[in-house]
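Subject: A structure to look through, with notes

Dear colleague,

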Amino acid sequence: MQRLKEFYEQESFTGILLMLVTIAALLLKNSPLAEVYNSFLHTPVAVQFGALKIAKPLLLWINDGLMAVFFLLVGLEVKRELIRGNLSSWNQAALPVIAAIGGMLVPALIYVGFNHQEPASLHGWAIPTATDIAFALGILSLLGNRVPASLKIFLLALAIIDDLGAIVIIALFYTSDLSLASIAVASVTLLALFALNRFGVERRAAYILLGAVLWVSVLKSGVHATLAGVALAFMIPLETRSAKTGKKALAAQLEHDLHPWVSFMILPLFAFVNAGIDLRGLSLNQLATPVPLGIMLGLFIGKQVGVFGFSWLAIKSGLARLPAASNWRQLYGVCLMTGIGFTMSLFIDSLAFTDDAIYQYADKLAIVLGSLLSGVAGYLVLRFGPSTRQT
């Protein structure tokens with residue numbers, strides 16, 4: 001319970017920080033300093049080793065590079081939960097797994113329903129399927145003991161499954177032309193990482209060095225570079241060679257060390273560079289077009305209907321149980337919170353629509369509005385519902 005408390009408090013503060021940097025990005029983008037903001041995003045950054053050169057604007061270094069570190073942390077959390085955490089047995093995993101499936105399926109169907117006649121628009125079908133756990137926990141933190149610990153665990157587990165779903169979606173649907181040579185290098189690197197794991201190597205430097213090679217090869221392969229972080233995470237030892245040493249396993253060490261960097265630098269920086277939406281040219285008519293409507297309603301309506309509806313079916317059918325010390329109203333309030341897609345939705349949006357001019361930022365504004373509606377509605381349901389003394 002202490003581990004949950006530490007994680008919850010850290011993620012809660014991250015949610016508040018994300019709100020602040022989002023407001024800052026919006027203000028800058030819609031002020032006389034807009035050109036300074038744009039120049040910052042497109043600052044050229046190049047790294048070269050002999051014939052190998054990687055040159056990208058700062059925006060893409062953040063989206064492809066720093067977000068790979070975020071997905072490394074996600075992968076470590078997923079691995080831990082699957083092997084010995086809240087997802088390690090069906091009794092524990094049943095409700096969040098079933099709820100997460102509904103929370104991805106229904107928003108996607110709503111989006112497709114609005115955009116099925118436009119093949120180009122269908123690339124964004126996964127945008128409203130995501131949940132931003134940091135934002136959601138940031139709002140939950142304002143409610144104190146009105147939300148029981150069991151529901152916080154439910155939300156954490158659901159968000160982890162959501163992230164796993166996002167990883168699969170990115171791998172299957174947001175992959176460009178493939179380079180067989182780069183894939184071969186990535187495969188050999190993965191085999192080397194697997195060998196390190198099997199031989200019990202616990203030196204961090206070895207995994208970081210091979211992880212860098214893996215990231216570059218995946219970046220050059222056409223598969224999105226962030227997936228290198230997940231692949232690396234699953235190769236890092238979860239157990240120490242000897243329990244007698246009392247030393248933390250490498251996976252636990254990395255997870256602990258990466259959390260502050262991801263929470264207080266990577267995610268806020270990602271939000272800052274991606275949430276700069278130019279509101280000056282937007283109108284209500286643009287928000288009423290299929291793509292923004294599909295995103296906004298997918299997040300606000302689709303997530304709550306999918307998560308709560310599938311949870312209700314699972315509980316009523318006996319496949320799962322209502323989280324301890326909670327009631328249906330509290331569960332519904334937390335289900336509303338899952339519609340806060342924000343950073344994950346923005347990330348998928350950047351993969352689906354690489355040119356901001358296509359929808360003139362209406363797609364990104366729809367993410368912000370859908371997330372805002374979900375957060376406010378969830379807060380109100382939980383704030384004015386029955387409280388609990390359990391935390």
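This is a predicted model: local features need pLDDT of at least 70, side-chain atom pairs count only at pLDDT 80 or more; totals for chains, interfaces and linings use all residues.

Residues are numbered from 1 along each chain as its sequence is written, and side-chain values use heavy atoms, with hydrogens and water left out.

I begin with the core. A nonpolar core is a set of buried Ala, Val, Leu, Ile, Met, Phe, Trp, Tyr and Cys residues joined through side-chain atoms within 4.5 Å, where buried means under 20% relative accessible area, exposed over 50%, and partly exposed in between (1.4 Å probe, protein chains only). The largest nonpolar core has 115 residues, and those that touch the most other members are Phe 70, Phe 71, Phe 154, Trp 215 and Ile 236. Helix H6, residues 149–173, gives the most to this core, with 13 residues; helices here are DSSP runs (H or I, at least four residues), numbered from the N terminus. If we leave out residues up to four places away in sequence, Trp 215 touches Ile 54, Trp 61, Asp 64, Gly 65, Ala 68, Ala 225 and Ala 228, a contact being heavy atoms within 4.5 Å.

On a 1 Å grid over the protein atoms alone, a cavity is a set of points where a 1.4 Å probe fits but cannot get out, and its lining residues have an atom within 4 Å of a point; grid points are joined across faces, edges and corners, and the volume is the space filled by probe spheres set on the points. A search of the whole structure finds one cavity of 30 Å³ or more, and about 40 Å³ of space lies in the largest cavity. H6 gives the most to its lining, with five residues, and the lining residues include Asp 162, Asp 163 and Met 344.

Met 344 is also one of the buried residues of H14, a helix in which eleven of its eleven residues are buried. In the loop between helix H14 (342–352) and helix H15 (362–383) lies Tyr 361, which has a positive phi of about 70° although it is not a glycine, and which counts as buried at 16% relative accessibility. Ala 325, in the loop between helix H12 (290–316) and helix H13 (328–337), likewise has a positive phi, near 60°, but it is partly exposed, with a relative accessible area of 36%.

Leu 26, in helix H1 (residues 2–29), is partly exposed at 21% relative accessible area; Leu 26 and Asp 278 are 252 residues apart in sequence, yet 7.4 Å apart in space, C-alpha to C-alpha. Glu 81, in helix H3 (residues 58–84), is buried, with a relative accessible area of 8%, and a polar contact of 2.5 Å joins its side chain to that of Arg 80 (a polar contact is a pair of N or O atoms within 3.5 Å; within protein, one must be able to donate a hydrogen and the other to accept it, and residues adjacent in sequence count only if both atoms are side-chain atoms).

With best wishes

Technical notes
Helices (H or I, at least four residues) and strands (E, at least two) are DSSP runs, numbered from the N terminus. On a 1 Å grid over the protein atoms alone, a cavity is a set of points where a 1.4 Å probe fits but cannot get out, and a pocket is an open set with protein on both sides within 12 Å along at least five of seven lines; lining residues have an atom within 4 Å of a point.
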